[in-house]
Amino acid sequence: MGTWQLVLVGLVMLLGLLGVVTPGVPGPPIVWAGVLWWSMTDRTALAWAVLAGATGVLLLERAVGWLLPPRRLRGAGITRRAFLVAGVCGIAGFFVLPVLGAVPGFVGGLYGVERRRLGGHGAAWASTRNVMRALGTSVLVELFACLLVVGVWIGAVTAG
């Protein structure tokens, strides 16, 4: 697989990661399609193993997602911009502190936006807790699963 095609696959996966935090965009299927594209072009045992693992992780995420409460962005009292900033901070946190940084990055980004909007620590923390209860947990599970798939893909591309 050429460099430009790898860059395009990476951009598709980035679109999928941003789709997790953007309402109406199916993030996990886009990330999976990127892995499928790569594995169909690369055709190595490692590529097929990554595709099988990505399929398993994203199916497990779907099963866990059905057990969590549904997302209701309007009822949570959060703007789309705040949610997008929290998602970008979660993605950045995943790469700054590998794997584990997604959770504090997401929550920290959400808290930062709410603190700026509300002005004080107490109100911002209460708003962050309410958002995490209403929809943050399901989005965080979905984002973490997609980030795990993208992280394994990056590791496989650099290793092989």
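**Exercise 1. Find where R43 lies, and decide whether R43 is buried, partly exposed or exposed.**

Solution. Step 1: R43 sits in the loop between α2 and α3; helices here are DSSP runs of H or I with at least four residues, strands are runs of E with at least two, and both are numbered from the N terminus. Before going on, note that this is a predicted model, in which local features need pLDDT of at least 70, side-chain atom pairs count only at pLDDT 80 or more, and totals for chains, interfaces and linings use all residues. Residues are numbered from 1 along each chain as its sequence is written, and side-chain values use heavy atoms, leaving out hydrogens and water.

Step 1: Recall the cut-offs: buried is under 20% relative accessible area, exposed is over 50%, and partly exposed is in between (1.4 Å probe, protein chains only). R43 has 61% relative accessibility, so R43 counts as exposed.

Step 2: Look at the backbone too. The phi of R43 is near 55 degrees, a positive value in a residue other than glycine.

**Exercise 2. Compare the reach of α3 with the expected span, then list the buried residues of α3.**

Solution. Step 1: The expected span is 1.5 Å times one less than the number of residues.

Step 1: The buried residues of α3 are A47, V50, L51, A54, L58 and E61. An α-helix has 3.6 residues a turn, so residues three or four places apart point the same way.

Step 2: Buried residues of α1 include V9, M13 and L17.

**Exercise 3. How many aromatic pairs does the structure hold, and how is the pair of W38 and W153 classified?**

Solution. Step 1: Searching the whole structure gives four aromatic pairs. Rings of Phe, Tyr and Trp (its six-membered ring) pair if their centres lie within 6.5 Å; planes under 30 degrees apart are stacked, over 60 edge-to-face, and the rest tilted.

Step 1: The ring centres of W38 and W153 are 6.5 Å apart and their planes stand at 90 degrees, so this pair is edge-to-face. The pair links distant parts of the chain, with W38 in helix α2 (residues 27-42) and W153 in helix α7 (residues 121-159), 115 residues apart.

Step 2: Check burial. W38 is buried at 3% relative accessible area, and W153 is buried at 7%.

Step 3: Another pair is Y111 and W125, also edge-to-face, at 6.0 Å centre to centre and 65 degrees between the planes. Y111 is buried at 18% relative accessibility, whereas W125 is partly exposed at 36%.
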